[in-house]
Amino acid sequence: MTMETSWRRFSRGIRRYLPKDRFVRSAMILAGGTTLAQGLAVLLSPILTRLYTPNDFGLLAIYSSILAMAMNIASFRYEFAIPIPEDNQTAIDLLALCMALVFFTSVLGTLGFVFFYDELSNIRQIGSLKQYIWFLPIGFLLAGAFQVLNYWAVRERLYPTIARTSLSLGIAGIVTQLGLGFLKTGSFGLLLGQVIGQSAGIGTLAKQFWKKNKDNIHSISIARIRLAASR
């Protein structure tokens with residue numbers, strides 16, 4: 001029995017006990033996936049605190065804070081508009097715009113690190129990351145792409161998929177951090193686990209998007225993207 005099959009059976013069992021109201025069911029499914037992921041992190045935190053030092057967690061907090069602020073400009077907040085259009089093609093055009101912006105801002109950020117590395121290192125928060133500073137543009141690109149695809153999943157009301165993805169993110173991140181922690185990799189293990197934990201669901205969401213919209217992707221054009229962005 002595959003993990004996906006097991007999840008489907010588990011989901012069907014849980015749905016029997018959920019309210020009939022569609023909105024309430026959707027909200028509970030989304031909250032359930034997030035709660036399970038966070039609960040897993042809390043449950044395993046005593047082990048993580050023995051595998052990593054306070055300094056390691058300090059670097060993780062700095063990385064997470066910088067990334068959280070940077071994510072506000074990943075796709076210029078156009079991802080908020082993806083669930084809104086009535087016609088699917090406009091939503092796909094918006095998704096293409098968001099992905100292009102995520103790639104553009106990631107490249108821009110990487111070039112900034114390349115040309116202004118010494119200046120940025122003098123900023124205490126960024127400089128403290130030192131050799132791990134390159135996790136920022138990588139994490140930015142992956143988390144940005146996941147964020148865009150997640151809004152598309154909300155548009156399609158793929159709430160069980162979103163919940164499953166949230167749980168997968170939590171598991172992938174924690175497993176990576178635990179495995180690398182036992183290998184004594186220090187801050188590297190925590191940061192890599194965080195990157196994986198923020199982007200592990202990209203493949204699942206991208207697969208769902210391709211399955212539903214592969215025929216519409218060929219209709220994407222610069223003119224349509226500009227029109228959707230202007231609107």
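**Entry 1: F104**

I started with F104, which is partly exposed, with a relative accessible area of 47%. The model is a predicted one, and I read the value with that in mind. I placed F104 in helix α4, which spans residues 88-115. I then looked up how F104 lies relative to L141. The two are 37 residues apart in sequence. From C-alpha to C-alpha, F104 and L141 are 9.4 Å apart in space.

**Entry 2: V114**

I took V114 next, which is also found in helix α4. Is V114 buried, exposed or partly exposed? Its relative accessible area is 48%, and the cut-offs are under 20% for buried and over 50% for exposed, so V114 is partly exposed.

**Entry 3: α7 against α8**

I turned to a helix pair, for which the description consists of the angle between the axes and the distance between the axes. Helix α7 covers residues 135-155 and helix α8 covers residues 159-182. I noted a packing angle of about 150° and axes 9 Å apart. Angles over 145 degrees count as roughly antiparallel, and α7 and α8 are therefore roughly antiparallel to each other. I also looked up the handedness: the crossing of α7 past α8 is left-handed.

Which residues of α7 and α8 meet? On the α7 side I listed F146, N150, A153 and V154. On the α8 side I listed Y159, I162, T165 and L169. Sorted by type, the residues of this contact come to six nonpolar and two polar, with no charged residue.

**Entry 4: the whole chain**

I then went to the secondary structure of the whole protein. How many helices and strands does the protein have? I found eleven helices and zero strands. Read from the N terminus on, the order of elements is α-α-α-α-α-α-α-α-α-α-α.

I looked up burial for the protein as well. Of its 231 residues, 41% are buried. The accessible surface comes to about 13300 Å². Carbon and sulfur atoms hold 65% of that surface.

Last, I checked how far apart in sequence the contacting residues lie. I considered the contacts in the protein with a separation of 6 or more, and 78% of them are between residues 24 or more positions apart.

Terms used:
Residues are numbered from 1 along each chain as its sequence is written. This is a predicted model: local features need pLDDT of at least 70, side-chain atom pairs count only at pLDDT 80 or more; totals for chains, interfaces and linings use all residues. Side-chain values use heavy atoms; hydrogens and water are left out. Axes are lines fitted to C-alpha atoms, for helices over the stretch in contact, and angles run from 0 to 180 degrees between N-to-C directions. Helices (H or I, at least four residues) and strands (E, at least two) are DSSP runs, numbered from the N terminus. Angles under 35 degrees count as roughly parallel, over 145 as roughly antiparallel, 65 to 115 as roughly perpendicular and the rest as oblique. A crossing is left-handed if the near helix is turned anticlockwise from the far one by less than a right angle, and right-handed if clockwise. Contact means heavy atoms within 4.5 Å. Ala, Val, Leu, Ile, Met, Phe, Trp, Tyr, Cys and Pro count as nonpolar, Asp, Glu, Lys and Arg as charged, and the others, Gly among them, as polar. Buried means under 20% relative accessible area, exposed over 50%, partly exposed in between (1.4 Å probe, protein chains only). Accessible areas come from the Shrake-Rupley method with a 1.4 Å probe; for residues, only the protein chains shown count as cover.
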